Amino acid sequence: MSSTHSKNTNSDTQLSIGERAFSAAGAAFVSAIIVNPLDVAKTRLQAQAAGVPYQGVCQTASSFQTNTMLHDIRCTAMHAVSGSDPPPPCPSGCNRYKGTLDVFYKVVRQEGFMRLWRGTNASLALAVPTVGIYMPCYDIFRNMMEEFTTQNAPNLTPYVPLVAGSVARSLACISCYPVELARTRMQAFRVNQGGKPPGVWKTLLGVIHPVNGTSIFQSLHKYRFWWTGLGAQLSRDVPFSAICWSTLEPIRKSILGLVDDGASAATVLGANFSAGYVAGTLASAATCPLDVAKTRRQIEKDPERALKMTTRTTLIEIWRDGGLRGLFTGVGPRVGRAGPSVGIVVSFYEVVKYVLHSRHPTSS
């Protein structure tokens with residue numbers, strides 16, 4: 001195991017920042033395309049629990065009691081009713097999502113198959129730079145911390161992945177947060193049938209549009225709304241990364257240790273995907289309540305209320321409205337998305353690093 005881990009560490013130190021970023025960007029691109037439908041399902045279920053109404057093919061409006069300012073999001077009927085014909089009857093529950101598969105079915109039937117990839121452009125715009133910052137920074141921080149703790153405090157070495165992952169994720173999250181805000185809103189809200197959905201920039205402009213400034217300072221100050229919910233995002237992502245990496249590293253080292261010196265691209269792929277899948281599944285399940293709070297804060301339409309919301313008060317509100325079930329709304333698609341996503345990102349990243357490292361003339 002030690003010889004395999006030593007090789008991996010040497011590989012990490014020999015690769016440049018550009019090569020690490022290239023590996024991470026490719027991993028993020030593949031993952032964002034594959035798992036986006038599950039991300040849409042998770043966001044729709046959480047937004048519905050927060051009070052976002054999803055009108056279906058019927059025209060009968062449902063009454064929604066909610067303390068969020070989301071009353072202006074209404075979807076028109078899918079099929080027009082001609083002449084004096086009465087509106088079609090509304091089947092029981094047609095306006096509510098019952099689960100992940102029900103979200104898939106209703107989105108495809110009412111909005112079209114490609115709506116399952118709603119927000120993919122935002123996901124790509126977010127994932128490529130975020131993972132491009134996150135994974136290389138994690139590698140660099142981990143290698144530096146492991147070298148330091150091995151020489152000065154060996155008993156702290158097992159905690160290095162936890163700290164390195166938390167710091168790297170915080171940097172990536174803060175840098176790219178406005179795009180994350182846009183992606184959540186693009187996935188949560190429906191558009192009228194046949195209407196063109198807004199892109200990332202138009203969605204961000206919609207966040208600050210209700211805020212009017214009478215001076216240059218006030219006009220610039222309204223852009224702070226692009227970071228609405230950043231605290232909730234950090235409170236979710238930092239624990240997620242800490243749990244994920246502290247679980248992933250021991251599993252990965254154990255699997256790679258079984259092959260001794262016979263590591264190949266296939267074994268690197270298998271070991272990293274397996275470890276990433278397990279770690280992503282556990283971390284996503286543990287942090288689901290924080291993900292629900294993040295979604296609820298990001299879709300809030302009232303600017304003043306959005307600024308006053310905190311993660312703690314949002315969690316209390318969710319508990320009061322839905323109890324334990326409310327805190328774990330969307331846990332199915334979240335876990336179903338995070339496991340493969342982490343597995344794909346980590347395995348793709350490590351395989352590309354392995355290939356690049358093998359082409360270095362100094363590699364041995």
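Asp237 and Arg169 are both buried; buried means under 20% relative accessible area, exposed over 50%, and partly exposed in between, with a 1.4 Å probe and protein chains only. The model is predicted, so local features need pLDDT of at least 70 and side-chain atom pairs count only at pLDDT 80 or more, while totals for chains, interfaces and linings use all residues. Residues are numbered from 1 along each chain as its sequence is written, and side-chain values use heavy atoms, leaving out hydrogens and water.

**Salt bridges**

Asp237 forms a salt bridge with Arg169. The term covers a side-chain nitrogen of Lys or Arg within 4 Å of a carboxyl oxygen of Asp or Glu. By this rule there are 21 salt bridges. Three of them are set out here.

| Salt bridge | Closest N and O atoms |
|---|---|
| Asp237 and Arg169 | 3.1 Å |
| Arg183 and Glu180 | 2.9 Å |
| Glu350 and Arg252 | 3.3 Å |

Helices are DSSP runs (H or I, at least four residues), numbered from the N terminus. Glu350 is buried, with a relative accessible area of 14%. Arg252 is buried too, at 6%. Salt bridges that share partners also build one network, whose members include Asp39, Lys42, Arg169, Glu180, Arg183 and Asp237.

Arg183 and Glu180 both lie in helix H5, three residues apart, about one turn of the helix. An α-helix has 3.6 residues a turn, so residues three or four places apart point the same way. Both Arg183 and Glu180 are buried.

**Aromatic rings**

Arg169 also meets a ring. Its charged end sits over the ring of Tyr134, 5.0 Å from the centre. For this, NZ of Lys or CZ of Arg must be within 6 Å of the ring centre and within 35 degrees of the ring normal.

The whole structure holds four aromatic pairs. Phe113 and Trp117 form one that is tilted, at 5.4 Å centre to centre and 55° between the planes. Rings of Phe, Tyr and Trp (its six-membered ring) pair if their centres lie within 6.5 Å; planes under 30 degrees apart count as stacked, over 60 as edge-to-face and the rest as tilted. Phe113 is partly exposed, at 48% relative accessibility. Trp117 is partly exposed as well, at 25%.

Tyr134 and Trp245 have ring centres 6.3 Å apart and planes at 70°, so they are edge-to-face. This pair links distant parts of the chain: Tyr134 is in helix H4 (residues 120–152) and Trp245 in helix H8 (residues 230–257), 111 residues apart. Both residues are buried. Ring pairs join Tyr134, Tyr138 and Trp245 into a cluster.

**Buried parts**

Helix H4 also holds Met135. Met135 is buried, with a relative accessible area of 2%. Met135 and Ala24 are 111 residues apart in sequence but 6.3 Å apart in space, C-alpha to C-alpha.

Helix H10 (residues 288–298) has eleven of its eleven residues buried, so it is largely enclosed by the rest of the structure. Among them are Cys288, Pro289 and Asp291. Cys288 has 0% relative accessibility. Cys137 is buried at 19%. A search of the whole structure finds zero disulfides, a disulfide being a pair of cysteine sulfur atoms within 2.5 Å.

Key
Helix = DSSP H or I, 4+ residues; strand = E, 2+ residues; numbered from the N terminus.
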